[in-house]
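Notebook open, model loaded. I'm jotting down what I looked up, one entry at a time.

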Amino acid sequence: ADWEERKRTISANIKKRFAGTSKRTSDAPSTTECAESFTCQFPDGTKEVACAIKGRTLREMLSPIFSKRNISMEDHAIFIENSNSALKYSFDSFPLAKQTLIILKDHYDATNEFTYSTTKETSPKSRP
C-alpha cells in the first residue's frame, strides 16, 4: 500500500510539473529560448522570428517555420535584406543575428544561385 501511494504521488508531481507544456515537433529552440535571433519576411509580408545559433544551419532553424506555414523550402530563396545574393540553406544561422531575411517564392535553381533586384523580383543568374 505504501508503494502504491508513492507511485501516485510521484505521478501527480510529474503531471503538475509538465502541465501546460506542449510537445515540441522539432529540436529547434523556440525564440524565447535563444539569445540571438533574426527576422524572416515572407512573400505575403508577414514576419517571423527565428533563433540564430552557432553551428545550426538556416535549414535547421527555418524548417519548423516553413513546416508550420505548409510551404516548401526548395521553392523559396533567402536573401539578407538589401543583398543581391541568396543564402544557401547550409549557411550557419549565427552570423545572421539581428538581420532581416527576405524570403522569396519560386526562385530556386539547382545551383542555388540567385540575384536580388531593388524591385524585389529575382531571376536565376545566367550560367556560363
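This is a predicted model: local features need pLDDT of at least 70, side-chain atom pairs count only at pLDDT 80 or more; totals for chains, interfaces and linings use all residues.

**Charge and ring.** I started with arginine 69, whose charged end sits over the ring of phenylalanine 42, 3.8 Å from the ring's centre. To count as "over a ring", NZ of Lys or CZ of Arg has to be within 6 Å of the ring centre and within 35 degrees of the ring normal. I also looked for aromatic pairs, and the structure holds 1. For that, rings of Phe, Tyr and Trp (its six-membered ring) need centres within 6.5 Å; planes under 30 degrees apart are called stacked, over 60 edge-to-face, and the rest tilted.

**Ground rules.** Residues are numbered from 1 along each chain as its sequence is written, and side-chain values use heavy atoms, with hydrogens and water left out.

**Overall layout.** I read off 2 helices and 5 strands in the protein chain. Both are DSSP runs numbered from the N terminus: helices are H or I with at least four residues, strands are E with at least two. From the N terminus on, the order is α-β-β-α-β-β-β. Buried residues make up 30% of the 128 residues; buried means under 20% relative accessible area, exposed over 50%, and partly exposed in between (1.4 Å probe, protein chains only).

**Disulfide.** How many disulfides does a search of the whole structure find? I got 1, using the rule that two cysteine sulfur atoms lie within 2.5 Å. A disulfide is a covalent bond between the sulfur atoms of two cysteines. Here the partners are cysteine 34 and cysteine 51, with sulfur atoms 2.3 Å apart. Cysteine 34 lies in the loop between α1 (2–18) and β1 (37–41), and cysteine 51 in strand β2 (residues 47–51), so the pair ties together parts 17 residues apart in sequence. The torsion about their S-S bond is about -85 degrees, so I wrote down "left-handed". Are the two cysteines buried or exposed? Cysteine 34 counts as buried at 16% relative accessibility, and cysteine 51 counts as buried at 2%.

**The sheet.** I traced an open sheet of 5 strands in the order β2-β1-β5-β3-β4, with mixed pairing. The edge strands are β2 and β4 (86–87), each pairing on one side only. Strands of a sheet pair through backbone hydrogen bonds, either parallel or antiparallel. My cut-off for a pair is at least two bridges found by DSSP.

- β1 and β2 run antiparallel, joined by 5 bridges. Their hairpin has 5 residues between the strands, and glycine 45 there takes a positive phi near 95 degrees.
- β1 and strand β5 (residues 100–105) run parallel, joined by 3 bridges.
- Strand β3 (residues 76–80) and β4 pair in the antiparallel sense over 2 bridges. Isoleucine 78 stands opposite leucine 87 in β4.

Which residues face cysteine 40? Its bridge partner in β2 is glutamate 48, and leucine 101 stands opposite it in β5. Cysteine 40 is buried, with a relative accessible area of 0%. Phenylalanine 38 lies in strand β1 too, and it counts as buried at 1% relative accessibility. I checked phenylalanine 38 against threonine 100: they are 62 residues apart in sequence, yet 6.0 Å apart in space, C-alpha to C-alpha.
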